[in-house]
Amino acid sequence: MSETVDTHCPYCALQCGMRLRREESGRVSVHPRDFPTNRGGLCAKGWTAAELLTSPERLTGPLIRHTPGGALEPASWDEAMERITDGVRAIRRRAGNDAVAVFGGGGLTNEKAYLLGKFARVVLGTANIDYNGRFCMSSAAAAGIRAFGLDRGVPFPIADIAEADCVLLAGSNPAETMPPFLRHLADRPGTGRSLVVIDPRRTATADRATLHLRPTPGTDLALANGLLHIVIAHGLLDTRYITTRTRGFDEVRRAVADWWPERVERTTGVPVADQHRAARLLADADRAVILTGRGAEQHSKGTDTVSAFINLALALGLPGTPGSGYACLTGQGNGQGGREHGQKADQLPGYRSLHDPAARRHIARIWGVDPRALPGAGLSAYELLDRLGTPSGPRGLLVFGSNPAVSAPNARHVEERLRSLELLVVADPVRSETAALADVVLPSAQWAEEDGTMTNLEGRVLRRRRLYPPPPGVRTDLDIIGELARRLGHPGGFPAEPRAVFDELRRASSGGAADYSGITYRRVDENDGVFWPAPRARSAAGSAHPGSGPSGTPRLFLDAFAHPDGRARFLPVDHRPAAEEPDADYPLHLTTGRIMQHYQSGAQTRRVPTLAAAVPRPRVDVHPDLAGQLGIEDGDPVRVVSRRGEARAHARLTTAVRPDTLFMPFHWGGEGRANSLVNDALDPVSRMPEFKVGAARLERL
């Protein structure tokens, strides 16, 4: 007799609906489900997601490294837990609580993210917890909070995008990174609706565009300011909206006055005529949406770049207007929920600030601790990794749901720091590159073997449902966290049951910006998910909160923004060069990104035979003109070199990249690790590293 369960894809933030079926033979098959985000569609990763469940490469028992430099060897759970707790106690006794750190992931369920943050601050007493979402959404989140007072990546259902007359997409390639999303854009050709794509590469998404703008890498901010300059100069503003719903426009007007079209063309390479056409397409649309992605955000000025696009949206009266708006396309599966409930360095559950005394009192009451016992804010993700094993940094690190040895910038340096630790613990379903460096590896359950909730790119809370339990020898992350807490002297407060953790999360989030207090598993099941905020109680004035309806709050900002005065904020920002520009030694721009067949560090997708066979090895995209100058032919082995290291790959000749630019997917470790090349310069606000532009040279091997 077969078993079936309705759940969601384990990969990106679209969280496509799918149905899993397990046959009597044990084989698990994937079937599409008509869910609002994917409308019955799945990408190659979704279709093959079940293949990893039975992979011969998954871990089925703990591993321990008994001597430095020795091999990882099988061990019992008792041995592994004892090694971890002894190591943690020794480090804390000698160097203090902050000497043990935690690194989480944007793919963890809300329950895991919440309990991991509680574990770090209550059990370990450490300030040092952050997660790989810092490398994904932090710039857009920071810009959204500055402008709107609240960060929810897409503050409206993505179905609204299909109804927009014009969509401007800056720095995103959903045709490869989340293909079912195109169902919300697919009807544009021949309908009078337009799609404007800003991307240095001619991507599969750009091929669908009405207009493709190809700026020099690192110049998106100048282009956004230039588009706003044109909107102002031609009287295309929504003056009533600016007057009644915003503050700070005059300062922004002065800031963009110097970005006339000819100067923008010299800076970005985007022709003046194309700038005018893009501005007109946006301004003439009855309903328009501006979307940003990692291409605009993963820069040392990423927060300001997003602010520039938000300024453009505000000037046109888009945010908070039905059918229009600004949004960012979250990348990781729980990239939204993962940054709301406490695994960020400066954050408490409910999107509360660690610096807020009232927030500390509220969370301390839920956790049963003294507010003064809660540590302060810790180091951001890269700064944490950079200081591992140093006299002023952590000596021990616990990693859940992340593979920083491949995904972090300046990855060769990060690998060295990981190797320098006294204790590295990794919980992962597979032996990732980070797990291979660990002193203790704990085999954790996969997505179809556990229950929980995820929050997708719209802020829609969804149910992840278990098809069957983990295999013998494998435990869930919640079970692992709870067992570690008990062994470290906290016998209560860390349940392994997801529903119990979610019930506590609801209480902890109550009254916060991301209020889940009115969300239950049953309510999620009955309504295709629930959009936060969804408070349980009525407001202080006694009136029903808009989010108290069955589906929560699908559309934010319709009446007011989240600042105390209800108005959005313009913020003057100016273009500045990338932290590293090409020169005589490194004459090319290097940019990195994802491709359809793989996901993030590739730890999962490289172990799926269908996907690995489709794209089996690292590659670098090279323009034919550049290849001709260097004597490189299609498929040749090449070396890409930056100031931080080198990576080897095979050349793919394509006019999709500019002659001055190399594009390299970042899904491989080893000698093909693209992030060995990436600059670790950080955005001063979000602490986002500069993944999307750096200087490099190309050599034929």
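Here is a short walk through the structure, stop by stop.

First, some ground rules: this is a predicted model, where local features need pLDDT of at least 70, side-chain atom pairs count only at pLDDT 80 or more, and totals for chains, interfaces and linings use all residues. Residues are numbered from 1 along each chain as its sequence is written, and side-chain values use heavy atoms, with hydrogens and water left out.

**The whole view**

Start zoomed out and show the C-alpha trace, which spans about 70 × 70 × 55 Å along its principal axes. Switch to a cartoon and you have 21 helices and 30 strands to look at (DSSP runs numbered from the N terminus: helices are H or I with at least four residues, strands are E with at least two). Now colour by burial: buried residues make up 64% of the 701 residues (buried is under 20% relative accessible area, exposed over 50%, partly exposed in between, with a 1.4 Å probe and protein chains only).

**Stop one: Glu57 and Arg607**

Select Glu57 and Arg607, whose side chains meet in a salt bridge at 3.2 Å, N to O (that is, a side-chain nitrogen of Lys or Arg within 4 Å of a carboxyl oxygen of Asp or Glu). Glu57 sits in the loop between α1 (44-47) and β4 (63-65), and Arg607 in the loop between β23 (588-593) and α20 (609-614), so this pair ties together parts 550 residues apart in sequence. Is Arg607 buried or exposed? Arg607 is buried, at 12% relative accessibility, while Glu57 is partly exposed at 43%.

**Stop two: Glu163 and Arg193**

Next, pick Glu163 and Arg193, another salt bridge, at 3.6 Å, N to O. The loop between α4 (138-148) and β8 (166-170) holds Glu163, and the loop between α5 (174-177) and β9 (194-198) holds Arg193, so the pair ties together parts 30 residues apart in sequence. Glu163 is partly exposed, with a relative accessible area of 39%.

**Stop three: Arg643 and Asp583**

Now go to Arg643 and Asp583, which form a salt bridge at 2.2 Å, N to O. Arg643 is in the loop between β25 (637-642) and β26 (645-653), and Asp583 is in the loop between β22 (568-569) and β23, 60 residues apart. Both ends are partly exposed: Arg643 at 41% and Asp583 at 29%.

**Last stop: a network**

Finish by selecting Asp78, Glu483, Arg486 and Arg487, which salt bridges with shared partners join into one network.
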